[in-house]
Amino acid sequence: MNEKIHVKTKINDDYVEFLCEARQSLLEVLRDVLDMTGTKEGCNDGNCGACTVILDGRIVDSCLVLAVEVSGKEIITIEGVANVDKLHPIQQAFLEQAALQCGICTPGFIVASKALLDRESNVDEGRIRHWLAGNLCRCTGYDKIVRAVMAAQENTKI
Amino acid sequence: MQGDLILKNFQYSAPLTLDQALQYMDSFGSKAKALAGGTDILVQLRGNRFDMEMLVDVKSIPELNELSYTDSAGLSVGAAVPCVRIYEDSLIQQNYPCLVDAAYLIGGIQIQGRATIGGNLCNASPSGDTIPALIALGAEAIVCSKRGYRSIPAEDFCVGPGQNGLENGELLVSIKFPPPKLYSGAHFLRFIPRNEMDIAVANVGVALTLDSNKQTIESARIALGAVGPTPLLATTASDFLVGKEISDDNLYGAAEIAKQIASPITDMRGTINQRMHLVGVLTKRALQKAIERAKGV
């Protein structure tokens, strides 16, 4: 039995405590310890972006973060993107633009897109494609995803 | 999950001081590894690349997080500073655009928020994207152990594929860059078949200084990556340019000479011929852009 480490962190604005082994990734703890299975495992080596979460304001691949590293940090996962009773505009746009098929990459794309639209305004197609280069989709071919992010941007303009 | 099956457990520590970190590096010796961004080491641990007992997270150590620049001392980048802090820094953008070129094309945004140039150097991949830029810019790796500090020129830091020159007990603390000289410019170029998120087929970093008339090259450093067991300083090609006028012929000449030290392999990313060709093309283009920057165009 490996020694467990006690970690206190903040996930989607809630204070969370968990026990983990040093070797466990944040992705593993989110899914298998905290039962937050919205974040997906794709490649488990930092190539596909399916496990993207926001860590202290920056997107990271949660498969390449050890769970012990998030002590005292703030994490946003796909579960924290929607309001209680309403989808986030990016989620709504993904539905309306049919920007998903199998759905495995979708949480990663939505979290990464949210981080972009939260940081920058008036992003163009080139910027969206560059920002999302670390997210792979093997179904849609990206066009609908990029269009959905652009539509979400339009819909959130006041 | 995949990681469950193959990632062996280890001890983890996140020391708050350099002394404490060096204590761990010293007592665990070859069984200790440093963790900065984790974008290489966690993947390698899953692949059982090394027998490790202690992972020392260096991100809480002040010296390794420092990013400082002065006109007299130049730039110091702590070994745990992620790429995003480098390319978003206005002083680095202004004084070391070549470093921004390299830091901005490592992985995607997710990787750039975590990956460090210190880690890139320590990982010592033949194709490591910041390493030719570091070599061209004349960077020095500042390493520390319980015995004290020493400095290693970037071109001597990598000693083989995936092997760095650190001794047991040593930790990379920072990377120092000399202040940019007047009329100097540098550039980094990588060739990959995609736009982003790929490993270099070949990459080249160059830095040069012009005379005050901006006609003649006074000094040059050309560095090549992914075309040998380690990134290389192309000394003969660099020296060829010293005292030469800026002309297409001279830049082409240097690019041809640079090929002589390349010893690429054929693999899934490219053939020997393609890589040799790329050394020529990338060297010439990087020189042209570095000259533009030196002229302040």
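## Interface between chains A and B

In this predicted model, 26 residues of chain A are in contact with 26 residues of chain B; two residues are in contact if their C-beta atoms, placed from the backbone, lie within 7 Å. On the side of chain A that touches chain B, α1 (26–33), β4 (58–61) and α4 (125–131) are the elements that give two or more residues. Helices (H or I, at least four residues) and strands (E, at least two) are DSSP runs, numbered from the N terminus. The largest share, four residues, comes from β4(A).

By class, this side of chain A has nine nonpolar, eight polar and nine charged residues. Ala, Val, Leu, Ile, Met, Phe, Trp, Tyr, Cys and Pro count as nonpolar, Asp, Glu, Lys and Arg as charged, and the others, Gly among them, as polar.

## Numbering and model

Residues are numbered from 1 along each chain as its sequence is written, while chains are lettered from A and ligands numbered from 1 in the order in which they are written. The model is predicted: local features need pLDDT of at least 70, side-chain atom pairs count only at pLDDT 80 or more, and totals for chains, interfaces and linings use all residues.

## Domains of chain A

Chain A is divided into domain 1 (5–80) and domain 2 (89–156), with bounds from an automatic or database domain assignment. The centres of the two domains, taken over C-alpha atoms, are separated by 21 Å. Their contact takes 14 residues from domain 1 and eleven residues from domain 2.

On the domain 1 side, strand β3 (residues 52–55) gives the most, with three residues. That side divides into seven nonpolar, six polar and one charged.

## Domains of chain B

Chain B has three parts: domain 1 (9–57), domain 2 (64–177) and domain 3 (184–295). The C-alpha centres of domain 1 and domain 2 of chain B lie 18 Å apart, and 13 residues of domain 1 are in contact with 19 residues of domain 2. Helix α2 (residues 18–28) of chain B gives the most to the domain 1 side, with five residues. The classes on that side are six nonpolar, five polar and two charged residues.

## Helix pair α13(B) and α14(B)

The axes of α13 (residues 248–259) and α14 (residues 272–295) of chain B come within 8 Å and cross at roughly 140°. Axes are lines fitted to C-alpha atoms, for helices over the stretch in contact, and angles run from 0 to 180 degrees between N-to-C directions. α13(B) and α14(B) are therefore oblique to each other; angles under 35 degrees count as roughly parallel, over 145 as roughly antiparallel, 65 to 115 as roughly perpendicular and the rest as oblique.

Residues of α13(B) including Leu251(B) and Tyr252(B) meet residues of α14(B) including Met276(B) and Val279(B). The residues of this contact divide into eight nonpolar, three polar and three charged.
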